[in-house]
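Trainee: Before I use this model, I would like to go through its interfaces and backbone with you.

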2 protein chains.
Amino acid sequence: MSKGKVYIVGAGPGDPGLLTMRGAALLAGADTVLYDRLVDSEVLKLVPLGARKIYVGKVAGSGDNQGKINEKMASEAKKGRVVVRLKGGDPFLFGRGGEEAEFLRRRRVAYEIVPGVSSSLAGAAYAGVPLTHRDYSSSVLIVTGRDAPSKRKGIADWKSAAKAAETVVIMMGAGNIAETAKRLIEGGMRADTPVAIIQWATTRRQKVRTSYLGVLADAKRGLTVEPPSVIIIGAVASLAKKLDWFKVDGMTTLQETSGSKKARN
Amino acid sequence: MSKGKVYIVGAGPGDPGLLTMRGAALLAGADTVLYDRLVDSEVLKLVPLGARKIYVGKVAGSGDNQGKINEKMASEAKKGRVVVRLKGGDPFLFGRGGEEAEFLRRRRVAYEIVPGVSSSLAGAAYAGVPLTHRDYSSSVLIVTGRDAPSKRKGIADWKSAAKAAETVVIMMGAGNIAETAKRLIEGGMRADTPVAIIQWATTRRQKVRTSYLGVLADAKRGLTVEPPSVIIIGAVASLAKKLDWFKVDGMTTLQETSGSKKARN
C-alpha cells in the first residue's frame, strides 16, 4: 500500500451545514482535494490555503472523465499525499464511489469511504416529506432516471417498482420524467398519486412543487422539471403542503403548481 | 407559533464523526435534548452542561411512548426553549420524524428537520458495498422488516420488490430475515444472490458477514442475524470482500461465514 491515502467523502446535498464532522476534519487536513460540480463553495473554504483544489466536475460536451479522476487520485496518493475525493451527496448512492474504490484497490492505494447525507433524503427533509411514515409507507425505492450504457440490465423495471415501493424517489430523472411517470402508471400506480418535486434541494435556490403522477406523465400539461431535482412519488408527497418548513428570505419554498387540480381527473 | 423551537435532528448511524455540522451546532446551543437509544455518548457530549438531556428510547416491554415524546417536545418548546429531538440515522427514513413534525404543526410549535446519514447508507459505505454501481445496480429499495400495525397496506410486496430493485436494503429486519429471504426467492430472486449483513454499522462493534440469499432463507443453516443490523441483498454485496476497508484495532470487520459455500448450491 502507498503512504498516501484517498478519502472518498460525501459532501452532502448542498447546504454546507449538512457536511459531516468527519468530512470537515478531513478537508481541513487535506493536501489535495478533487471536487465535483455540485459541491458548495462554503464547503471548499474548509480546505487549507496551501492545498491543491482540483475541479473534476463534468464540462458540458467533454464526455466521461472518470478515468482521469481515477488516475489523478492514485497519483496524488502515491506521492504520499492526503487526498480528499469530494462528491455531492453520498459516494455510494449514485456517486460512482464504488468504481473509484475498485480502482484504488487495484492500484494498492489505501482509501476510506466517508458517507454523506444523500440529496434523496435531504430533499425530502427540507420539503417536509417523510420518506416513510407509519400510516403511509414502509418502503422507499431510490432510482435514477438515467442508466449507465454499460449496465447489463436495462433501465429500471418500473412495472414492478410501481408495486414494490410505497415511496419512489427518482434522482437525475428530470430529463425523461414524463416517460418514467407513464411507465409507473402502466405498472399500476394511480394517476392521482401525489408527487413532490424538489429542485436545488437544501440550498437557497430550493423550489418545491407538488403535483400528481398523471400530470407528470402528460408532457402537454407543461410541468417541466429542471435539474438538479429530486422527485418523490407516493402518498407521503402530499405531506409537503402540511409539513413544509424550510424558508429562504423568510418565505417557504413551496410553490403552487398550475395543473395540480386538473390532475385529479 | 411558540417562541421555542424543536429541531428534529438525525444523529447519524453510530460513528459520532458522521453527525452533521449543523446537528453539532444545534446540540451545542440546545436547552433540552430528547435522545434515542442508539445515539452515541460522544454525540451527547456536545450538549452544554446546563441543558436537560432526556432519554426517550424504548425500555423493553414498556410499549410505544411516542405520545409522551410528542408532548414533551411541545411543552419544552412552549416554555421558549430550544429543543433538539435527536434520533439515530435520518429522521425521515424509519425515524418517525414525520409523525413528530405533524404533531408539532398541530400544536403550532415551530420546527426544522435536520437530515442525517442513514445507517442504510453508512453501513454500506463502512462495509465496502456500493449501493449502486454502473455495472450492477441503479436502483435501491430500502425497506423495513417490521411493519407498523396501524399501516393500511400490509407488509412489503416482496414479490415485486424482488424484481423492482437490483439492491435491497432491509432495516430492522433481523427478527424475521429467514421469512423475508424466502419471500424474495419466491418473487424471483436467485438463491445465490449475494448478501452482506452489517451489525453495529460504523461503530467499534461493527461486524460484516457475507453470504447468499438461500442461506438466509434456510433457518437451519444457523446464520442468525442479531439487531441492530443492516442487510444488503444484491450483486453489489459481493463487493464487500473486495472493497472492505474499515478497521477496528487494526483488523477489518469482515468475517468469514460458515455456510456461504453451501449456499451456492
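What follows is a set of questions and answers on this structure.

Mentor: This is a predicted model, in which local features need pLDDT of at least 70 and side-chain atom pairs count only at pLDDT 80 or more, while totals for chains, interfaces and linings use all residues. Residues are numbered from 1 along each chain as its sequence is written, chains are lettered from A and ligands numbered from 1 in the order in which they are written, and side-chain values use heavy atoms, with hydrogens and water left out.

Trainee: What area do chain A and chain B bury between them?

Mentor: Contact means heavy atoms within 4.5 Å, and 71 residues from chain A and 71 residues from chain B take part. F92(A), R134(A) and W245(A) supply 13% of the area that chain A buries against chain B, more than any other three residues. Buried area is the accessible area (1.4 Å probe) that two parts lose on being put together, summed over both. Of the area between the chains, 61% is on carbon and sulfur atoms, and the total is about 5,900 Å².

Trainee: How many salt bridges does the rule find across the interface of chain A and chain B?

Mentor: A salt bridge is a side-chain nitrogen of Lys or Arg within 4 Å of a carboxyl oxygen of Asp or Glu. The side chains of K242(A) and E102(B) meet that rule, at 3.0 Å from N to O. Across the interface of chain A and chain B the count is 2 salt bridges.

Trainee: Which element gives the largest share of the side of chain A that touches chain B?

Mentor: Helices (H or I, at least four residues) and strands (E, at least two) are DSSP runs, numbered from the N terminus. Elements that give two or more residues to this side include α1 (21–28), α4 (97–106) and α9 (240–243) of chain A. The largest share is 6 residues, and they come from β6(A).

Trainee: Which strand of chain B pairs with β6(A), and in which sense, parallel or antiparallel?

Mentor: Two strands pair if DSSP finds at least two bridges between them. V143(A) stands opposite S139(B) in β6(B). Over 5 bridges, the partner of β6(A) is strand β6 (residues 139–144) of chain B, and the sense is antiparallel.

Trainee: Within chain A, what area do domain 1 and domain 2 bury between them?

Mentor: The bounds, from an automatic or database domain assignment, are 5–117 for domain 1 of chain A and 120–264 for domain 2 of chain A. Their C-alpha centres lie 28 Å apart, and the contact takes 8 residues from domain 1 of chain A and 13 residues from domain 2 of chain A. In domain 1 of chain A, D15(A), L93(A) and F94(A) lose the most area, together 57% of what that side buries. With 76% on carbon and sulfur atoms, the area between the two domains is about 730 Å².

Trainee: How many salt bridges does the rule find between domain 1 and domain 2 of chain A?

Mentor: Side chains of opposite charge can pair when their charged atoms come close. Across the interface of domain 1 of chain A and domain 2 of chain A, however, the number found is 0.

Trainee: How far apart in sequence are the parts that E112(A) and R22(A) tie together?

Mentor: The side chains of E112(A) and R22(A) meet in a salt bridge of 2.6 Å, N to O. E112(A) lies in strand β5 of chain A and R22(A) in helix α1 of chain A, so the parts tied together are apart in sequence by 90 residues.

Trainee: Which peptide bond of chain A is cis?

Mentor: Most residues other than glycine have a negative phi, and most peptide bonds are trans. P228(A) is found in the loop between α8 (213–217) and β10 (229–233) of chain A. With omega near -10°, the cis bond runs from P227(A) to P228(A).

Trainee: Where is W200(A) found?

Mentor: W200(A) is not a glycine, although its phi is positive, about 50°. Its place in chain A is the loop between β8 (194–199) and β9 (207–212).
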